[in-house]
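The sequence and the structure are shown first.

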Amino acid sequence: MSGTMSIGNSRNGDAHVLIDGDDVTMAGHSDDIRTAQRLQQGNAPVIWVRKNGKQYVVRDAATVQQMKAAHAPVQALGEQQGKLGEQQGALGERQGELGSKQGELGEKMSEIATGQAAAALRGDATRDAANDRRMKALQDEQEALARQQEVLARQQEPLARQQEALARKQMAATDKMHRDVDRLLGEAIRSGKAQQL
C-alpha cells in the first residue's frame, strides 16, 4: 500500500483505520491495517473501528469524508514539519561537511607541529619558514571554516524555533483530532452507520 499514512496513538485499546485509495490514516497498531484491508470491498473507502473491545466497519461516504477532514490539519502540519526538517537536514549536512574539512585541516596542522617538535628534539634550532607559512595558511583556513559554521548555526536557530512552534500546533491539532474522531465514531456507532462485526 502506498500513499500517505498518518499514525496516531490508540488509547485504551481503542483504534481506527481509514483506507481510502492509497491513503491510510489510523490510530492503532500496524496490524490493524491488515484487518481493515480484509474488510475493504474492492477499492472502496472503509473505516475499521475498535471501541470498547468491539469492532465495527463503516462504509458511509459522509463519515469517511468527515474522518479525512478531522485528520487533515494534523497531516498538513506533519508535511510542514517534514519540509522544515529537510531544510534543517541540508544545513546540518553542510555543517558536517565543514566539520570534516576542519578535521582534515587539524590533522595537517598536527603533522606540521609534530615535525617541528621532532626537529626541536633533535636539537635543530632553525625554524622552517615554509612550515610556518603552511601552518599560518591552515590556521587562516580553519578560522574561515569556523566563521562559515557560525553563519550556518545562526541559520539553524530560526528553523529550530519554527519547528518548536509547529510541534506545539501539532500537539493541539492532534488533541482536537482525537476529540473529533471520538465524537464522529461515537455518532457512527449510535446511528448504525458503523456495523458491528
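A residue counts as buried when its relative accessible area is under 20%, as exposed when that area is over 50%, and as partly exposed in between. With these cut-offs, Arg 34 is partly exposed, because its relative accessible area is 45%. The model discussed here is a predicted one.

**Overall architecture**

The secondary structure of the protein chain consists of 3 helices and 6 strands. Along the sequence these elements follow the order β-β-β-α-β-β-α-α-β. The radius of gyration of the protein chain is 29 Å, whereas the globule rule gives 16 Å for 197 residues, so the chain is more spread out than a compact globule. Taken along the principal axes, the box filled by the C-alpha atoms is roughly 95 × 30 × 30 Å.

Of the 197 residues in the protein chain, 33% are buried. The exposed surface comes to about 11900 Å², and carbon and sulfur atoms supply 50% of this area. Among contacts with a separation of 6 or more, 60% are between residues 24 or more positions apart.

**Helix α1**

Helix α1 spans residues 31–39. Within α1, Asp 32, Ile 33, Thr 35, Ala 36 and Leu 39 are buried. These residues cover an arc of only 160° around the axis, which puts them on the same side of α1.

Arg 34, which also belongs to α1, forms a salt bridge with Asp 31. Asp 31 is partly exposed, at 47% relative accessibility, and Arg 34 is likewise partly exposed, at 45%.

**Salt bridges**

How many salt bridges does the structure hold? The number is 9. Side chains of opposite charge can pair when their charged atoms come close.

| Salt bridge | N to O distance |
|---|---|
| Arg 34 and Asp 31 | 2.3 Å |
| Asp 140 and Lys 136 | 2.7 Å |
| Lys 176 and Asp 180 | 2.7 Å |

Why can such partners meet along a helix? An α-helix has 3.6 residues a turn, so residues three or four places apart point the same way. Arg 34 and Asp 31 are 3 residues apart in helix α1, a separation of about one helical turn.

Helix α3 covers residues 129–191 and contains both Asp 140 and Lys 136, which are 4 residues apart, or about one turn of the helix. Asp 140 is partly exposed, with a relative accessible area of 33%.

**A residue of helix α2**

Helix α2 comprises residues 61–121, and Ala 62 is found in it. Ala 62 is partly exposed, at 42% relative accessibility. How far apart in space are Ala 62 and Gly 186? The C-alpha atoms of Ala 62 and Gly 186 are 15 Å apart, while the two residues are separated by 124 residues in sequence.

How values were computed: Residues are numbered from 1 along each chain as its sequence is written. This is a predicted model: local features need pLDDT of at least 70, side-chain atom pairs count only at pLDDT 80 or more; totals for chains, interfaces and linings use all residues. Side-chain values use heavy atoms; hydrogens and water are left out. A salt bridge is a side-chain nitrogen of Lys or Arg within 4 Å of a carboxyl oxygen of Asp or Glu. Helices (H or I, at least four residues) and strands (E, at least two) are DSSP runs, numbered from the N terminus. Buried means under 20% relative accessible area, exposed over 50%, partly exposed in between (1.4 Å probe, protein chains only). The arc is that of the directions from the helix axis to the C-beta atoms. The radius of gyration is taken over C-alpha atoms; the globule rule is 2.2 Å times the number of residues to the power 0.38. Contact means heavy atoms within 4.5 Å. Accessible areas come from the Shrake-Rupley method with a 1.4 Å probe; for residues, only the protein chains shown count as cover.
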